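Here is my note on the model you are about to open. Have a look at the structure first, then go through the points one by one.

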Amino acid sequence: MGPAATSHTLCLCFLAVCVPAGLINAASTQASVPEVKKTRGDVPDIFPEPESEPTTQVSDFESSYNYVLSRLASMDQAIHKLNVGHYTLDVKVSQLIDRVSRLDAKVGDLEDSISEVYQHSKDNRKEIGRLEGCQKGHRMGYKCYLVYNRLEDYAGASRKCLERGGRMAMPRDRKEQEALADYVKGFFHPGNWPVWLGVNDLRSEGLYLFDDGTRVSYFQWRKHFLSSQPDGGRRENCVAMSSDDGDWWDHYCDRTMNYVCEFDDRVAL
């Protein structure tokens with residue numbers, strides 16, 4: 001064979017088997033190319049990428065504008081709701097203020113009625129006290145004296161007499177003093193119990209005034225070589241009368257003892 005024939009008919013002997021060289025090259029070429037798995041014929045091997053929609057500056061502006069408009073519309077609705085709620089609340093507040101005003105007027109009327117009833121009660125209590133003083137007590141001219149066998153300090157006794165429509169006993173002359181002393185002595189006989197009189201020098205030491213502020217011109221101080229009155233100085237500023245002899249003594253004003261009230265006898269007036 002010539003050289004050309006040799007290149008086409010050259011056979012490689014391997015393990016006593018002769019294989020044409022052309023077949024070996026074809027096989028090696030097929031082995032070097034990876035086999036592509038085929039899918040069904042109606043589905044393409046490669047899916048095309050979706051084409052993006054073209055965007056322009058005008059379309060973005062319109063979207064933003066529409067968004068802003070929608071937000072403004074929502075805000076307008078919210079503001080409208082707030083206005084409606086505010087108006088409703090304002091109406092309710094006005095109604096409440098009107099009701100409170102009417103209630104305040106009624107409370108004012110009720111307070112006036114209570115004050116009037118309280119004043120009537122005070123007046124009635126004073127009138128009852130005056131009648132009691134003149135019916136149960138001792139009449140002396142245009143006055144009535146009544147002893148209260150209840151312990152009070154000077155201020156408390158003065159207040160009790162005023163609440164009953166009278167005042168603490170204020171003998172202004174010898175005649176009244178003697179009549180009052182006889183009445184008190186008979187009330188506590190045979191004991192000796194001091195009673196408050198409406199006499200004090202609380203305003204100025206040594207300046208004795210009645211409980212109504214008028215100046216005392218007649219005195220019935222106890223005169224004794226062992227205990228002459230008054231002897232309390234600035235410490236004892238309120239005057240009491242002993243029930244056994246009617247003499248006056250100065251005492252501490254916070255001491256508690258019985259007291260005598262005097263009332264106007266309107267029948268005698």
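The points below go from the overall picture to the core, and then to the salt bridges.

1. A word on the ground rules. This is a predicted model, so to speak of local features a pLDDT of at least 70 is needed, side-chain atom pairs count only at pLDDT 80 or more, and totals for chains, interfaces and linings use all residues. Residues are numbered from 1 along each chain as its sequence is written, and side-chain values use heavy atoms, with hydrogens and water left out.

2. The overall picture. The protein has 5 helices and 10 strands; helices here are DSSP runs of H or I with at least four residues, strands are runs of E with at least two, and both are numbered from the N terminus. Of its 269 residues, 25% count as buried. Buried means under 20% relative accessible area, exposed means over 50%, and partly exposed is in between (1.4 Å probe, protein chains only).

3. Surface and contacts. Among contacts (heavy atoms within 4.5 Å) with a separation of 6 or more, 68% are between residues 24 or more positions apart.

4. The core. Which residues touch the most other members of the largest nonpolar core? They are Leu180, Val184, Trp196, Met241 and Val260, out of 37 residues in that core. By nonpolar core I mean a set of buried Ala, Val, Leu, Ile, Met, Phe, Trp, Tyr and Cys residues joined through side-chain atoms within 4.5 Å. Elements that each supply at least two of its residues include β4 (143-152), α5 (174-188), β6 (195-204) and β10 (257-264). Helix α5 gives the largest share, 6 residues.

5. Val260 up close. Beyond its neighbours within four places in sequence, Val260 is in contact with residues including Tyr145, Val147, Cys161, Met168, Leu180, Val184 and Trp196.

6. One joins Glu176 and Lys143, at 3.0 Å from N to O. Glu176 sits in helix α5 and Lys143 in strand β4, 33 residues apart. Glu176 counts as buried because its relative accessibility is 7%, and Lys143 counts as buried because its value is 2%. Both belong to a salt-bridge network that links Lys143, Arg167, Glu176, Glu262 and Asp264.

7. Two bridges involving loops. Asp212 pairs with Arg172, their closest N and O atoms being 2.8 Å apart. Asp212 is in the loop between β7 and β8 and Arg172 in the loop between β5 (167-168) and α5, so the bridge ties together parts 40 residues apart in sequence. Asp212 is partly exposed at 42% relative accessibility, and Arg172 is partly exposed at 28%. Arg222 and Asp247 form another salt bridge, with 3.8 Å between the closest N and O atoms, and both residues are buried.

8. One last pair to look at. Where does Glu178 lie? Glu178 is in helix α5, and is partly exposed at 42% relative accessibility. Glu178 and Gln220 are 42 residues apart in sequence, with 9.8 Å from C-alpha to C-alpha.

Methods: Salt bridge = Lys/Arg side-chain N within 4 Å of Asp/Glu carboxyl O.
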